[in-house]
Amino acid sequence: SVLTVACEQTEVLLFDPISSKHIKTLSEAHEDCVNNIRFLDNRLFATCSDDTTIALWDLRKLNTKVCTLHGHTSWVKNIEYDTNTRLLVTSGFDGNVIIWDTNRCTEDGCPHKKFFHTRFLMRMRLTPDCSKMLISTSSGYLLILHDLDLNKSLEVGSYPILRARRTTSSSDIMLSGSSGPRAVGSPCHQNESSPLSEKHMSRSSQREGGSPRNSLEVLTPEVPGERDRGNCITSLQLHPKGWATLLRCSSNTDDQEWTCVYEFQEGAPVRPVSPRCSLRLTHCIEEANVGRGYIKELCFSPDGRMISSPHGFGIRLLGFDAHCSELVDCLPKEASPLKEIRSLYSHNDVVLTTKFSPTHCQIASGCLSGRVSLYQPKF
C-alpha cells in the first residue's frame, strides 16, 4: 500500500502507488545517501545509508525514528529480514554482514553481532525460505552459505568449506582474521595468511541428506563474453520461489553489462573431493552500456515469470521465453537469451532501479535525476 523511495541525498519519499499521490518526505532520514529500504511487516520498515547506520521506522509515526542501529564502519548497502526469527541482516562496504535481534529492540538500538566478513562485498541476499545466504563481490566471486543458521557466529575453522567449481585456483581465498573468508580479486594477489588447503576443505564431512550448517561455497559464475576478463557482480536478486538467482554483471572496464539467470542445483557432490557447483547459467542478455559506474538494480516479478531490468533511460521486461513461462517449464540445455517482452521509456536520465508491486499490476522505476515513474498495463 506504500511505495518508498531511497534517495541519493538524505531523503526517503513515500507515495500512494495507486493514486501516485505523494504522502510524505522524510527530509533528514539519514545524514548521507539512503541506499535501501526493507519492510519488516505492514507498518515497520528499515532504511540503510552511507552514514553507516540503519534506521527503523513506523508508518504510524514518521516524525521520529523508532531507533538507529550502529555497528557498521562503512556504507551500508543491503537489508534482509528473516520473518521466522525476526532477525534483521545487513551488509556494507566494510565487508561485514551483521545480525540484529529486533525481538529485543529498544530506543537505543538492537543487540547485534558480526556474522560474516569478506573483502569486496557488494550485495547480500537471503533465499525466500532463509536456507541460504548469497553474497556477491566486486571481484566476481559469488559466495553461498548453505543450510543457513543465523544464530551461529562464523569464526575461522568453525564452518566447512565446500569445494566449488571455479575459474581460478583455490589459493585465491584467504582466511581473514576472525570472521570468515576473504575473496581476493586476483590470482596473483598473495597474502601471508595460509590459503585453504585441500585438507582444510575436505575435513568436513557431508551430513546425510545435505550440507553441514553454514557450509561455504565459493563460485565465479560464468558470464558470457567475459571468460578472459574479470567481472563485477553489481546487483543480486533471488527468484521469489527460490529457484534461481538473478545477477547484473559488468566487465572490469565497464564496457559491457549482462543480466544473467542461474538455476539452483541442489544436492551434495558425489564425493567430498568432487567439485561442487550449485548454480548453472540458464539465461542471459547483454544490457545497454549506459551510465557507466552506476549500479542498476533489477528484479523478478512476484510470480517469477518476468524480469524488470534498467535499460538506458527506461526499463525492459524480459521473459524466459516469448510466452512468459515459468522458469522450470523452459529450462534450456545450454544458456539461452532472455526474451524481450516490452520496453518502457519515460525518463530523461539513466534508470538505476526498478521494482514490481507485490500486490498490483504495477512497476516502478527511478532514475539518476530523481524522477519516479509508475507503469500499469492497459487492458
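1. **Disulfides.** A disulfide is taken here as a pair of cysteine sulfur atoms within 2.5 Å, and by this rule the count comes to zero. Cys7 illustrates the point: its sulfur is 9.8 Å from the closest cysteine sulfur, that of Cys33, which is too far for a bond. Cys284 is likewise in no disulfide, since the nearest cysteine sulfur, in Cys260, is 5.4 Å away. For burial, the cut-offs are under 20% relative accessible area for buried, over 50% for exposed, and partly exposed in between, with a 1.4 Å probe and protein chains only. Cys7, at 16% relative accessibility, counts as buried. Cys284 is also buried, with a relative accessible area of 11%.

2. **Basis of the note.** This is a predicted model, in which local features need pLDDT of at least 70 and side-chain atom pairs count only at pLDDT 80 or more, while totals for chains, interfaces and linings use all residues. Residues are numbered from 1 along each chain as its sequence is written, and side-chain values use heavy atoms, with hydrogens and water left out.

3. **Overall composition.** Of its 379 residues, 54% count as buried. The protein exposes about 17300 Å², of which carbon and sulfur atoms supply 48%; the areas come from the Shrake-Rupley method with a 1.4 Å probe, and for residues only the protein chains shown count as cover. Contact means heavy atoms within 4.5 Å. Among contacts with a separation of 6 or more, 51% join residues 24 or more positions apart.

4. **Strand 13.** Is strand 13 (residues 133-137) enclosed or open? Five of its five residues are buried, so the strand is largely enclosed by the rest of the structure. In a regular strand, side chains alternate between the two faces of the sheet. In strand 13 both faces are covered: Met133, Ile135 and Thr137 are buried on one side, and Leu134 and Ser136 are buried on the other.

5. **Neighbours of strand 13.** Two strands are said to pair if DSSP finds at least two bridges between them. Strand 12 (residues 121-126) runs antiparallel to strand 13, and five bridges join them; Arg123 has Ser136 as its bridge partner in strand 13. The hairpin of strand 12 and strand 13 has six residues between the strands, and in it Cys130 takes a positive phi near 60°. Strand 14 (residues 142-146) also pairs with strand 13 in the antiparallel sense, over four bridges, with Ile135 opposite Leu143. Four residues lie between the strands in the hairpin of strand 13 and strand 14, where Gly140 has a positive phi near 90°.

6. **Positive phi in two loops.** Most residues other than glycine have a negative phi. Thr52, although not a glycine, has a positive phi of about 75°. Thr52 belongs to the loop between strand 5 (44-49) and strand 6 (53-58), and at 23% relative accessibility it is partly exposed. Arg86, another residue other than glycine, has a positive phi near 60°. Arg86 sits in the loop between strand 8 (76-82) and strand 9 (87-92) and is partly exposed, with a relative accessible area of 39%.

7. Which side chain makes a polar contact with that of Asn96? The partner is the side chain of His117, at 2.8 Å. A polar contact is a pair of N or O atoms within 3.5 Å; within protein, one must be able to donate a hydrogen and the other to accept it, and residues adjacent in sequence count only if both atoms are side-chain atoms. Asn96 lies in strand 10 (residues 96-101) and is buried, with a relative accessible area of 7%. Leaving aside neighbours within four places in sequence, its contacts include His72, Thr90 and Phe116. Asn63, in the loop between strand 6 and strand 7 (67-70), is exposed, with a relative accessible area of 67%.

8. Residues 27-60 are 0% helix and 53% strand, with end C-alpha atoms 17 Å apart. Residues 69-101 are 0% helix and 64% strand, and their end C-alpha atoms lie 11 Å apart.
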